Amino acid sequence: MSPKVPSGQGRGDYSAVQVAVRVRPLLPKELLHCHESCITVDSELCRVTLGHDRHFLCDYLFEETCCQDDVYSLSVQPLIDAFFQGFNATVFAYGQTGSGKTYTIGEANICSFRDEEQGIIPRAVADVFKLLDENDLNDFSVRVSYLEVYKEEFNDLLEVETASKDILIREDKGNIVLYGVKECEVEGLDEVLSLLESGNTARHTGATQMNQNSSRSHTIFTVYMDQRRGASRLYGTAGNSGPQMLSSKFHFVDLAGSERILKTGNTGERLKESIQINSGLLALGNVIGALGDPKRKGSHIPYRDSKITRILKDSLGGNSKT
């Protein structure tokens, strides 16, 4: 999300929050049982119809035949330019459990996928280092962190020994700062993917009736970038002299899948996880709904209702830092 990136072809109006809908193809087991899709898409209007009469508009619409590159290049790649301009950005993978969020965001089986199957994170990181190379920026640093929110508790996936109570959220002049989270400085794509793969092994997953490898937590993979540039190359710094530091961060969020208890058949610990998952998604939905509604401009945004919305506050709000 970025306030400086124009809206997609669907809704036609400006919004800090843009929505891309990707329609998953039917799984082999669904084809085996002769299931049919209940979704109809209208690419020209960027409209999805559920059943016969429930219509939903979006900014970008990707049909079953769309590939990973289509999703990334149209809906995410423009945010990389904003990231280099100093804007914070966030990409969410949201949907029902088993709908392909982890595959699309690029956290699943990274090493085993072919290049064309790689998801959003590997593609975005590759573009970041490519642009740094092309712009011949010598004075910069790139860092990554990988955080899990499991039942409203923090887990540092890059430093698993860190206790949840030692990870604190603080606000400094409108910027959200996480204390106690490990940030690793990186110099290339391979190093980033290695850290991502390592962190994935510590993530909470579990089997339900709808998904054998269901994510039981929300994860936030963040890329931080600091650039030292001369004033003439900075956006909005005309008249200033001397070098300036430009800082920005890009969150890639893989949300746990929304669940209906009757369909997942969850009991015991799985049931408790489902309740926490749905509670966090509700809080996030309320924040995004408030940000995306022009009638509520200037009204209270309930960031404090969950830890995940508190962490993402300065990115959801579209703040820039120079």
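Predicted model: local features only at pLDDT ≥ 70, side-chain atom pairs only at ≥ 80, totals over all residues.
In which hand does H5 pass H6, in a right-handed or a left-handed crossing?

**Whole chain**

Start with everything shown. The protein chain has 322 residues, and 45% of them count as buried. Colour by secondary structure to find 10 helices and 15 strands. Among contacts in the protein chain with a separation of 6 or more, 66% are between residues 24 or more positions apart.

**Stop 1: helices H5 and H6**

Select residues 120–134 for helix H5 and residues 189–200 for helix H6; their axes come within 9 Å and cross at roughly 150 degrees. An angle over 145 degrees counts as roughly antiparallel, and H5 and H6 are therefore roughly antiparallel to each other. As for the opening question, the crossing of H5 past H6 is right-handed.

Now show side chains. On the H5 side, select Ile 121, Pro 122, Val 125, Ala 126 and Phe 129; they meet Leu 189, Val 192, Leu 193 and Leu 196 of H6.

Stay in helix H5 and pick Lys 130. Is Lys 130 buried or partly exposed? Its relative accessibility is 48%, so Lys 130 counts as partly exposed.

**Stop 2**

Move to Gln 118, in the loop between helix H4 (101–105) and H5. With 10% relative accessibility, Gln 118 counts as buried, because the cut-off for buried is under 20%. Which residues does Gln 118 touch, leaving aside those up to four places away in sequence? Select Gln 68, Ile 110, Phe 113 and Arg 123 to see them.

**Stop 3: helices H2 and H3**

Select residues 68–75 for helix H2 and residues 77–84 for helix H3. These helices pack at an angle of about 40 degrees, and their axes are 3 Å apart. That angle makes H2 oblique to H3. Where they meet, H2 supplies Tyr 72, Ser 73, Leu 74 and Ser 75, while H3 supplies Gln 77, Pro 78, Leu 79 and Ile 80.

**Stop 4: aromatic rings**

Show the rings next. How many aromatic pairs are there? The count comes to four. Take Tyr 146 and Phe 221: the ring centres are 5.3 Å apart and the planes stand at 85 degrees, so this pair is edge-to-face. The pair links distant parts of the chain, with Tyr 146 in strand S7 (residues 140–150) and Phe 221 in strand S14 (residues 218–230), 75 residues apart. Tyr 146 is buried, at a relative accessible area of 0%. Phe 221 is buried too, with a value of 0%.

Then select Phe 250 and Phe 252. Their rings form a stacked pair, 4.4 Å from centre to centre and with 0 degrees between the planes. Phe 250 is buried, with a relative accessible area of 1%, and Phe 252 counts as buried at 1% as well.

**Stop 5: a lysine over a ring**

Finish with Phe 154 and Lys 307. What lies over the face of Phe 154? Lys 307 does, at 4.8 Å from the ring centre.

Notes. Residues numbered from 1 in each chain as written. Heavy atoms only, no water. Phe/Tyr/Trp six-rings, centres within 6.5 Å; stacked < 30°, edge-to-face > 60°. Helix = DSSP H or I, 4+ residues; strand = E, 2+ residues; numbered from the N terminus. Buried < 20%, exposed > 50% of the residue type's maximum accessible area, 1.4 Å probe, protein only. Lys NZ or Arg CZ within 6 Å of the ring centre and 35° of its normal. Axes fitted to C-alpha atoms, helices over the stretch in contact; angles between N-to-C directions. Parallel < 35°, antiparallel > 145°, perpendicular 65-115°, else oblique. Left-handed = near helix turned anticlockwise from the far one by under 90°. Contact = heavy atoms within 4.5 Å.
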